[in-house]
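Here are some notes to read alongside the structure. Please keep the sequence open while you go through the numbered points.

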Amino acid sequence: MSEQTQVAIIGAGPAGLLLGHLLHLYGIDSVILENRSEEYVVERVRAGVLEQHVVDMMVATGVGERLQREGLRHGGVYLAFQGKRHRIDFEELTGKSIWVYGQNEVVRDLIDARRATGRPLRFEVSGVLVAGFEGDQPVVHYIDNGVEHELRCDFIAGCGGFHGICRPSFPAGVLAAYERVHPFGWLGILAHAAPSSDELVYSLHERGFALFSMRSPSVTRLYLQCDPDEDLSNWSDDRIWGELQSRLATDDGWRPNIGTIFQKGITPMRSFVVEPMQCGRLFLAGDSAHIVPPTGAKGLNLAAADVRVLSDALWRHYSGRGDGALQEYSETSLRRVWKAQRFSWWMTSMLHLGAQDAPFAGFDYRRQVAELDYVTGSRAGMTSLAENYVGLPINVPLPGAHR
Ligand code: RFL
Ligand code: PHB
């Protein structure tokens with residue numbers, strides 16, 4: 001079957017769905033293709049922290065109603081080390097805050113918004129192939145319900161995540177990849193337990209990193225540093241709670257509340273960027289072009305920033321304002337991406353025990369404690385962390401704000 005659209009979007013994660021939403025508001029037609037089921041996409045447990053500009057964008061574009069009602073606004077975070085918690089006051093230092101609202105909730109809200117537009121969003125498609133993007137006639141081939149489709153389009157947006165097909169479809173020699181694989185992973189859990197702190201706690205401990213986060217007033221989200229190839233079956237609930245309590249408890253008696261664990265997973269940690277993020281009429285956005293370790297809570301926020309830049313550039317193209325912004329898409333996005341890489345790498349290296357630091361609490365641990373001591377004791381140090389964590393400024397207009 002042959003069909004046509006303006007922008008073919010591969011992937012219905014946060015990047016693809018948000019791009020489809022912004023394009024709709026600009027009056028630009030798109031088809032979103034996703035190879036997994038809707039349930040899988042909505043239920044996948046991932047990020048939890050939204051930068052202020054992402055929240056503002058969701059509210060300003062009409063998909064922030066539930067986020068404003070159910071999201072948890074946080075004015076700061078704690079850094080814990082040597083038994084003490086130190087608060088970094090984002091609101092006082094930057095005038096901005098962050099919001100805790102699960103990625104799966106963002107995805108659910110964007111799917112609902114897409115449905116309301118009546119524009120195509122196809123789950124469980126297979127055999128997705130992209131071609132023709134180096135010339136004027138890009139095309140996407142895919143199979144839906146056993147029927148082969150040929151989708152002709154003006155542009156292709158590769159929003160298929162790290163394992164998507166668009167990055168590998170670039171011709172040989174175009175892309176340069178920059179990568180760092182970290183020698184640890186995160187074991188993450190969700191538990192039915194009321195959060196015992198109003199704000200996140202990032203902790204460096206002699207036994208390794210741990211993070212206290214949350215999803216709602218009755219659900220705690222917790223992570224602990226582990227080996228990247230750790231076997232989850234070695235981690236009974238008791239062992240997980242024991243380790244979390246030792247790594248997070250502080251001298252003032254604070255510790256996470258214990259509850260029933262209802263989700264567990266292990267995530268390897270990777271820093272990865274490809275340059276450029278475009279080839280002809282194919283544009284990469286989100287995890288398909290870059291991965292950050294989750295310590296800085298940047299992945300989802302970067303995906304949102306990419307598609308904001310891309311949607312504005314596409315609007316400029318279709319409204320006769322030229323292709324300058326499209327040609328500069330990669331350069332514009334990469335400037336922000338590398339700053340987020342730097343910040344995520346810095347947070348990660350400050351808070352995790354390195355494999356080379358055995359026996360634990362050697363040279364690097366002492367250096368890291370000194371760094372945390374400096375950062376939490378200096379207004380300049382705290383401000384630098386705060387302005388990166390809440391999100392660096394983004395000067396790209398949203399639909400409706402153009403003259
Ligand atoms: P996604 O979410 O991976 O979505 C890509 C979608 O494309 C589909 N797909 C295809 N569809 C059609 N055809 C194909 N051939 C396809 N191949 C793949 C996939 O099924 C999928 O639905 O990428 P996107 O949209 O770029 O979004 C990126 C974010 O998901 C990611 O950066 C964040 O989750 C990272 N992250 C965090 N980011 C934050 O901003 N704040 C956080 O607090 C945060 N915490 C985290 C995180 C990621 C984590 N994990 C599990 C990696 C915590 C964790 C534990
Ligand atoms: C989360 O709540 O899932 C979360 C919070 C902060 C991070 C990473 C993940 O840095």
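1. Strands (E, at least two residues) are DSSP runs, numbered from the N terminus. Strand 16 gives the most to the shell around ligand 2, namely three residues.

2. This is a predicted model, in which local features need pLDDT of at least 70 and side-chain atom pairs count only at pLDDT 80 or more, while totals for chains, interfaces and linings use all residues. Residues are numbered from 1 along each chain as its sequence is written, chains are lettered from A and ligands numbered from 1 in the order in which they are written, and side-chain values use heavy atoms, with hydrogens and water left out.

3. Among the 14 residues around ligand 2, those that come nearest are Y202, S213, R215, Y223 and P294, where a residue is near if one of its heavy atoms lies within 4 Å.

4. Two side chains make polar contacts (pairs of N or O atoms within 3.5 Å) with oxygen atoms of ligand 2: Y202 at 2.7 Å and R215 at 2.8 Å. A polar backbone atom of T295 lies 3.4 Å from an oxygen atom of ligand 2.

5. The protein chain is divided into domain 1 (2-48 + 102-175 + 276-350) and domain 2 (182-267), with bounds from an automatic or database domain assignment. Because both domains give residues to the shell around ligand 2, the ligand lies between them.

6. Taken over C-alpha atoms, the centres of domain 1 and domain 2 are separated by 32 Å. Contact here means heavy atoms within 4.5 Å, and 13 residues of domain 1 are in contact with eleven residues of domain 2.

Notes. A polar contact is a pair of N or O atoms within 3.5 Å; within protein, one must be able to donate a hydrogen and the other to accept it, and residues adjacent in sequence count only if both atoms are side-chain atoms. Helices (H or I, at least four residues) and strands (E, at least two) are DSSP runs, numbered from the N terminus.
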